[in-house]
Amino acid sequence: MLDACAELVDEVGYEGLTTTLLAERAEVAIGSVYQFFPDKRAIVQALTLRTMESYLQRLDERFASDEMTHWWDGVDAGIDEYITMHRTVPGFRTLHFGDVVDLHLLDEQRDNNGVIADQLARVLTERFGLTDVPKLRFVLEIAVEAADALIKLAFRRRSDGDERVLLEAKALIREYLHRQVDGPESARPTAEQQAAAAQPA
């Protein structure tokens with residue numbers, strides 16, 4: 001039923017989704033739908049939770065790689081996986097992490113992007129030893145909000161995502177987090193970067 005829900009929201013949107021349509025697409029009796037879900041919001045909530053679990057699993061697999069040596073590699077992976085899910089996961093471009101339905105779909109106390117920021121803070125502290133303090137969670141929440149808005153813009157401009165907007169989004173988030181997490185010194189270009197910038201085009 002969740003797979004059918006994902007297909008339908010891409011076709012008709014959340015507002016057009018009904019339990020009757022879902023039952024028809026999933027080829028089950030309408031009573032079977034109500035046996036598990038009281039309404040379409042509950043169905044979408046279950047789909048969103050499954051999507052978040054998939055996203056975090058993708059990150060865990062990326063983070064297990066020895067290729068990641070710096071916390072930014074983890075942030076980069078988080079953005080890349082978010083973009084990939086927009087392109088490949090049915091229902092994700094429409095629902096994202098549930099904000100289309102309810103800003104508190106994942107947690108009654110925190111909005112959806114705040115929940116994602118919490119999860120990113122967890123994996124970053126576990127993988128890279130960043131100090132898990134309120135400031136880290138706060139700056140990650142700002143970064144998630146900014147990245148979310150820019151990635152949505154990219155997919156409004158092009159169905160497969162405007163690459164120019166996506167590159168700018170990654171650059172913006174990286175610069176912001178460097179300044180907030182590592183401090184102003186790390187945001188300055190290295191000697192090698194300065195030398196490269198000085199070279200004539």
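**Helix α1 and its bend**

Start with α1: this helix bends by about 90 degrees at Asp-10. The bend is the angle between axes fitted to the seven residues ending there and the seven starting there. Helices here are DSSP runs (H or I, at least four residues), numbered from the N terminus.

Some ground rules. This is a predicted model, where local features need pLDDT of at least 70, side-chain atom pairs count only at pLDDT 80 or more, and totals for chains, interfaces and linings use all residues. Residues are numbered from 1 along each chain as its sequence is written, and side-chain values use heavy atoms, with hydrogens and water left out.

Back to α1. How far does helix α1 span between its end C-alpha atoms? Only 16 Å, over residues 2-16. A straight helix of 15 residues would span 21 Å at 1.5 Å a residue. That expected span is 1.5 Å times one less than the number of residues.

Now the whole chain. It has eleven helices and zero strands. Of its 201 residues, 42% count as buried. Take contacts (heavy atoms within 4.5 Å) between residues at least 6 apart in sequence: 59% join residues at least 24 apart.

Last, confidence. pLDDT, the predictor's confidence in each residue from 0 to 100, averages 81 over the chain. It stays under 50 over residues 185-198. Where pLDDT is low, the predicted coordinates should not be read in detail.

How values were computed
Helices (H or I, at least four residues) and strands (E, at least two) are DSSP runs, numbered from the N terminus. Buried means under 20% relative accessible area, exposed over 50%, partly exposed in between (1.4 Å probe, protein chains only).
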